Amino acid sequence: MSTRFFDLDFDVYVPGRWYLAEPHHRDGPEIEDIWQFIQGKPVELHERLQIPLSQAGRALDFDKTTVGGAPIVNARVAAVFRELAPRDTQLFPVEVEGQPDPYFLLNVARELNCIDDAACTEARRWLPEDNRPDRLGEYHVVSGLRIDRSKVGGARVFRLWGYHPPIIVTGDIKDALESTGVTGARFVEV
């Protein structure tokens, strides 16, 4: 039986949900590189970050910041990643505005080149004529995402080379998250 994989994303349809702003340093300024947490690479943090709300509402177990898309998770969700994917993820304690409970910034520290271009509904890459030499060869558009399972190896949580927004998790991680009653998460098989 082959392993199933899912795109883990946030659910914008939770009624009355909160919205999280970008991480800030304790002394106030936003961190310099808000995109570092979606690159699929390990990061170094030397201080606890603060996550302000851009809109107050119902606290969620899994969410992403508004612009940079840094995943923010509660302790139950963090425990799943800590137990099932310790080599693929990093968890950094953060202070979420108005929340006494512990939250963590989840950094997916693994990136794989495994998009199955032919199986996707559409997969277009940046070309020289697009005048984006910094993005050349990466994905410009991906819809109906499908991955090539033969290129995944033992990874259980990862980002996709050339197309960083999705967080890909194995079926057992999806099941474990769902068993916690996770709010704010949605899963789409890839």
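Reply: Gladly! In this predicted model, five strands make up an open sheet of mixed pairing, ordered E3-E7-E8-E6-E5. Its edge strands are E3 (49–51) and E5, each of which pairs on one side only. Direction ignored, neighbouring strands are turned by 40° against each other on average.

Me: What makes E7 and E8 a pair?

Reply: Two strands pair if there are at least two bridges between them. Strand E7 (residues 89–96) and strand E8 (residues 103–108) have six bridges, in the antiparallel sense, so they count as paired. Pro-93, for one, has Phe-104 in E8 as its bridge partner. Helix H1 (residues 75–84) packs on this sheet and touches E6, E7 and E8; the direction of H1 makes about 105° with that of E6.

Me: Why is Asp-63 called buried?

Reply: Buried means under 20% relative accessible area, and Asp-63 has 1%, so the label applies. This residue sits in strand E5 (residues 62–64).

Me: How do you know that the side chains of Asp-63 and Arg-17 make a polar contact?

Reply: The cut-off for the N or O pair is within 3.5 Å, and here the value is 2.6 Å. Beyond its neighbours within four places in sequence, Asp-63 is also in contact with other residues, including Phe-10, Trp-18 and Ile-72.

Technical notes. Residues numbered from 1 in each chain as written. Predicted model: local features only at pLDDT ≥ 70, side-chain atom pairs only at ≥ 80, totals over all residues. Heavy atoms only, no water. Helix = DSSP H or I, 4+ residues; strand = E, 2+ residues; numbered from the N terminus. Buried < 20%, exposed > 50% of the residue type's maximum accessible area, 1.4 Å probe, protein only. Polar contact = N/O pair within 3.5 Å; in protein donor to acceptor, adjacent residues only side chain to side chain. Contact = heavy atoms within 4.5 Å. Axes fitted to C-alpha atoms, helices over the stretch in contact; angles between N-to-C directions.
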